[in-house]
Amino acid sequence: MSELSPEGLSWGRFPRVSQRQADASPLKPILPLDRLFLPRGMGRSYGDSCLNSRGQLLSTSKLDHLVSFDPETSCLVAEAGVRLAEIIHVFGPKGYFLPVSPGTKWVTLGGAVANDIHGKNHHLAGSFGNHVVELLLLRSNGERLHCSRLQNSELFFATIGGLGLTGLVLEVTIKLKKVSSLWIDQNVTRFRSLDEFYDLSLQKSHHEYTVAWIDCLNPHGRGLFIAGDHSSRTSGPPPVKTRKLRVPFTFPSITLNPFTVRAFNWAYFHRQLKSVKASTVSYDPFFYPLDVIHDWNLIYGSAGFVQYQFVVPPTNEGKKALSKVFQNISESGEGSFLAVLKTFGDIPSEGCLSFSRPGYTLALDFKVKPEVFKLLDRLDDLVFSCGGALYPAKDARMSPQSFRASFPDLQKFLPHIDPKISSDFARRMEIL
Amino acid sequence: MKVLCFGSTSAIAHEFLKLLNPKSSELYLVARNAEKLERDFKDLTTRGFKTFSLVADLSKLELHENWLQRIDSEFGTPDLILIAFGDLGDQSLSSRDFTQASLIITGNYLAPISLLTHYSEKMKASKIGTLVVISSVAGDRGRATNYVYGSAKAGLSEYCSGLRQALLPYDVRVITVKPGFVDTPMTQNFKKGALWARPHQVAKDIAEAVRGNRDVVYTPWFWWGIMFIIKHIPEFLFKKLKF
């Protein structure tokens, strides 16, 4: 067992707690029963869903082996600590890709399941859990359970999006996607208002991947709409290797201030002068633009940052709420320079606590300071007034009431929590 | 390329094998623990390697001949051999109990040399091949805390040095790898600090050495400097140091 300092924090580096960690060993993933534990992958969740300051963490980093692959069905079985980057590294050259990919490849399969993550193809493919065929789950009483839609199905649906609370996932069976290449034909379109964004979302919904970056300091919501498909080109140089940039130390808190964020957003919006720009790019910058900068979270300074991601329904009320969110942020001047807006499709997520659902989802980063929490409380009111939801993987501050409002199936989930597992998030949500 | 690995379930060896190209490499894995070997076998097969495996406790010298015959008949002469097994043992026990000491010396010195003897003859005959032997910085100077293990590794490093000279005319390379502290199952009970490396990093250094022309590889690289200093401390001072 080792004490963790910075590594033990979540990606947002807030809240700051000290933690203990043990490694789950592959042959005997002995569950340390003297304390409540929490399975932990890469710790890329932003808030406290991957923290367990009153118990301990059980790292899956040693559960890093592949188990089998069936080319007939494209089904891969791998241990829960295998990182998505590894899957792309091994199966990309063979013509396969992740069925759903988040914004970073430095997450584990177990983490992808536990948060039922989504990606730029949600409108066509649903969330990660939709592509999980089976889970091998170890409960603290020693039971090893094969869980699927047919076998132990209630536990299966509780574990998908279950924030690691239902047991230690040992193995994940996932159906990979066959792709024509790892190159992406992308086109980027500028938009100057939310209405333009909604139109583009409809027009471009036949593209496999869509996402928008949006300047949230602009009251109308201007931004860049990015659409992409796996390219049909099969030749050309292999995708470039990730350059190794690294944020060398925690930046002074002053680095990100309203002025620098405004300047960044202006420059980002104007980096393309044409209203539409088409190009072919490697999968790496397309899916994982931030992965080239290791430890980018350090630029927020020692106080850390909170991410705020919500979804509002695709109704008029939802759209109105979204407009008001932008007004509120732009008036507050608390700008976020990584604001990502995405239209979720209507493929139902299957987990009891799955976040993604039809509508519009916006993700924002804010440096931790008191004014920000007041702003987010106001945004909560807007989100919940139209029946929206917040994303636990990103959260460090929602209230138990908001959590309950976000997840109507919570009651179905609660009986499946493993009695020896806890997390700071679960304690804060009062579900233990 | 045919790659034969003794002690393939060591974290460093497994990471090294993962770095090879599955399209052009065939693997033969030899390890003591059947369950771990099975898990590694599945991992490498899923990655696309054609893989063979054999469960063998290499500290049982009397069985080497049988095993080596079997490997020869199934796999032929390998292009690259990685000797990656080792046994840290228990220093305080082995300094008092010769049975324990002789186990450590057998596992870390005699067993590798049995294998090197067999394969250096074969490679001499085929006039090509690379022998990669994982020794340790612990073999560079004996210390109170691990001199039984250290002396076995010292012997192994020196054996490799001589073998390298002897095999040069036959175009057979011998690479001695001297890892410092590596965070592996072998060292799971140690308290880890800044000098500790991950197996993946060490594996990359080994792959680099195989591609390049290095004979002795300290990994991570800064151990060369640390050991340079430690080797040059005069004995009258060194004997008083406590580390």
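This is a predicted model: local features need pLDDT of at least 70, side-chain atom pairs count only at pLDDT 80 or more; totals for chains, interfaces and linings use all residues.

Residues are numbered from 1 along each chain as its sequence is written, chains are lettered from A and ligands numbered from 1 in the order in which they are written, and side-chain values use heavy atoms, with hydrogens and water left out.

**Exercise 1.** Find how many residues of chain A are in contact with chain B, and what area the two chains bury.

Step 1. Take contact as heavy atoms within 4.5 Å. By that rule, 17 residues of chain A touch 15 residues of chain B.

Step 2. Buried area is the accessible area (1.4 Å probe) that two parts lose on being put together, summed over both. For chain A and chain B this comes to about 1200 Å², with 48% of it on carbon and sulfur atoms. A:Leu27, A:His65 and A:Leu66 supply 45% of the area that chain A buries against chain B, more than any other three residues.

Step 3. Look for salt bridges, where a side-chain nitrogen of Lys or Arg is within 4 Å of a carboxyl oxygen of Asp or Glu. There are three between chain A and chain B. A:Glu79 forms a salt bridge with B:Arg39, their closest N and O atoms being 2.7 Å apart.

**Exercise 2.** Is A:Asp48 buried or exposed, and which residue does its side chain meet in a salt bridge?

Step 1. Buried means under 20% relative accessible area, exposed over 50%, and partly exposed in between (1.4 Å probe, protein chains only). A:Asp48 has 3%, so this residue is buried.

Step 2. Its salt-bridge partner is A:Arg428, at 2.6 Å from N to O. A:Asp48 lies in the loop between strand 3 and strand 4 of chain A and A:Arg428 in helix 12 (residues 424–428) of chain A, so the pair ties together parts that are 380 residues apart in sequence. Helices (H or I, at least four residues) and strands (E, at least two) are DSSP runs, numbered from the N terminus.

Step 3. At 24% relative accessibility, A:Arg428 is partly exposed.

**Exercise 3.** Which residues form a salt bridge with B:Asp43 and with A:Asp380?

Step 1. B:Asp43 pairs with B:Arg47, the closest N and O atoms being 3.0 Å apart.

Step 2. A:Asp380 pairs with A:Arg397 at 2.9 Å between the closest N and O atoms. Both A:Arg397 and A:Asp380 are buried.
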